[in-house]
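Subject: Structure handover

Hello,

Please find the structure below. My notes on what was found follow it.

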Amino acid sequence: MSEILSQLSTAVIEGNLDDIIDMTQDALDEGLSAKQILDEGLMPGMDHVGVEFKAGNMFVPEVLRSARSMQASMTLVKPLLAEAGAEMTGKVLLGTVKGDLHDIGKNLVAMMCEGAGFEVMDLGKDIEPDAFVEAVKEFEPHVLGMSALLTTTMRSMEHTVKALEEAGVRDKVKIMIGGAPVTQDFSDQIGADGYASNAASASELAKKIRLVLGFHFQEKGAAKRVAHPF
Ligand code: B1M
C-alpha cells in the first residue's frame with residue numbers, strides 16, 4: 001500500500017481532523033484516484049474502527065471523531081467519485097422511527113455505513129411510516145435501517161413494515177433494525193430481515209445484504225430481490 005494511503009487509514013483510526021484534508025489533497029496530487037483513496041485508505045481505516053468498537057477497545061466519542069475525519073476527507077473525494085462514475089457499495093436509507101427522538105446511535109450507524117462505502121440517506125428522527133415509504137420509492141435503497149431507543153416506539157418499526165407492505169414496496173428493500181430495546185426475536189416477529197446490536201455490526205450486515213443481492217442479480221440477471229436471506 002502507498003505510504004499516503006496508510007497515513008489516511010491511520011488518520012481515520014486516530015480521528016485526525018486537523019490533517020486529513022491536507023493528506024487527502026496530497027494523495028490526489030500524487031495521482032491517486034478518489035476510488036483508491038476510498039477503498040484503500042479511508043475504508044480500511046473505518047473497518048479497523050468497527051472492529052475495535054465491537055471489541056470494546058474504542059468508545060462512542062472516538063468513533064464519532066473517526067467518522068467525522070472520514071467525512072472531512074469525503075468532502076474532497078465524493079465529488080470526484082461521482083465525476084468518475086464510480087459505484088458506491090450500495091444505498092442505505094436510515095431513520096429513527098416515529099415518536100422517538102434518540103438519534104446518536106442511528107447517526108453512528110450512518111457514519112459506519114458511509115465508512116463502508118454506502119451512499120446514505122438519513123431521514124433523521126421521529127419518522128412517520130409513510131415518510132419511510134416515500135423515501136424507499138424515491139431513493140430506492142438496498143437497505144432500510146430503522147432505529148428505536150424506547151420500548152414504546154419499537155412498535156413504530158412494525159407499523160413501518162406494514163406500511164411498506166401496503167404500499168407494495170416491501171419486497172424492494174431489505175429491512176435492518178437496531179437500538180437498545182430491539183432484539184433478533186423482535187426483528188423476526190415484525191418481519192424485518194435482520195437485526196444489528198451496534199453500528200459496526202449494522203454496516204457489516206448492510207454489506208452482507210448487498211453481497212447477497214449482488215450475487216442474486218448476477219445469477220439471475222434480474223432485478224428481483226431474495227426473500228429473507230438472513
Ligand atoms: Co432518552 N431514554 N429519553 N434521551 N436516553 C433512554 C433510551 C433510556 C434507556 C434512559 C433510561 O431510562 N435509563 C430511556 C428509555 C427507557 C425505555 O424505553 N425502556 C429513555 C427515556 C425514557 C427518554 C424519555 C421518555 C425521557 C422523558 O422525557 N421522560 C425521552 C423520550 C423522548 C423521545 O424520544 N420521544 C428521552 C429523551 C432523551 C434526550 C432527547 C434527552 C436524549 C437523546 C438525544 C439524542 O439522541 N439526540 C436522550 C438520551 C441521550 C438517552 C440515553 C442517556 C443515551 C442514548 C444514547 O444516545 N446512547 C439513554 C440511556 C442509555 O442508553 N444509557 C436514554 C448512545 C448510543 C451510541 O447508543 O442509541 O443504544 P444507542 O445506539 C447503539 C445501539 O443501540 C445500536 O448501535 C448504536 C451504537 O453502536 N443501534 C443500532 C442504534 N440504532 C441502530 C440501528 C441499527 C443497528 C444498530 O440498524 C438500523
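First, a definition: helices (H or I, at least four residues) and strands (E, at least two) are DSSP runs, numbered from the N terminus. Asp185, for instance, is found in helix 8 (residues 184-190).

This is a predicted model, in which local features need pLDDT of at least 70 and side-chain atom pairs count only at pLDDT 80 or more, while totals for chains, interfaces and linings use all residues. Residues are numbered from 1 along each chain as its sequence is written, and side-chain values use heavy atoms, with hydrogens and water left out.

The ligand

Of the 27 residues around the ligand, Leu101, His102, Asp103, Ser147 and Ala199 come nearest; a residue counts as near if one of its heavy atoms lies within 4 Å of the molecule or strand in question. The residues of this shell divide into 15 nonpolar, 10 polar and two charged. Here Ala, Val, Leu, Ile, Met, Phe, Trp, Tyr, Cys and Pro count as nonpolar, Asp, Glu, Lys and Arg as charged, and the others, Gly among them, as polar.

His102 lies in the loop between strand 1 and helix 5. Its NE2 atom is the only protein donor of the cobalt atom of the ligand, at 2.2 Å. Donors are N, O and S atoms within 2.8 Å of the metal (3.2 Å for Na, K and Ca); water is not among the atoms, so sites may look incomplete.

A polar side-chain atom of His102 also lies 2.7 Å from a nitrogen atom of the ligand. A backbone N or O atom of Leu101 is 2.6 Å from an oxygen atom of the ligand. For these pairs, a polar contact is a pair of N or O atoms within 3.5 Å; within protein, one must be able to donate a hydrogen and the other to accept it, and residues adjacent in sequence count only if both atoms are side-chain atoms.

Two or more residues of the shell come from each of helix 5 (104-115), strand 3 (143-147), strand 4 (174-178) and helix 9 (199-220). The largest share, four residues, comes from helix 5.

Helix 6

Which residues of helix 6 are buried? In helix 6 (residues 129-139) they are Pro129, Phe132, Val133, Ala135, Val136 and Phe139. Buried means under 20% relative accessible area, exposed over 50%, and partly exposed in between (1.4 Å probe, protein chains only). The buried residues pack against strand 1, strand 2 (118-122), strand 3 and helix 7 (154-166), where contact means heavy atoms within 4.5 Å.

Glu140 follows helix 6 and has a positive phi of about 50 degrees although it is not a glycine. At 56% relative accessibility, Glu140 counts as exposed.

Other residues

Thr96 is found in strand 1 (residues 90-96) and is buried, with a relative accessible area of 0%. Leaving aside neighbours within four places in sequence, the contacts of Thr96 include His102, Asp103, Phe132 and Ser147.

Asp185 is exposed, with a relative accessible area of 58%.

Regards
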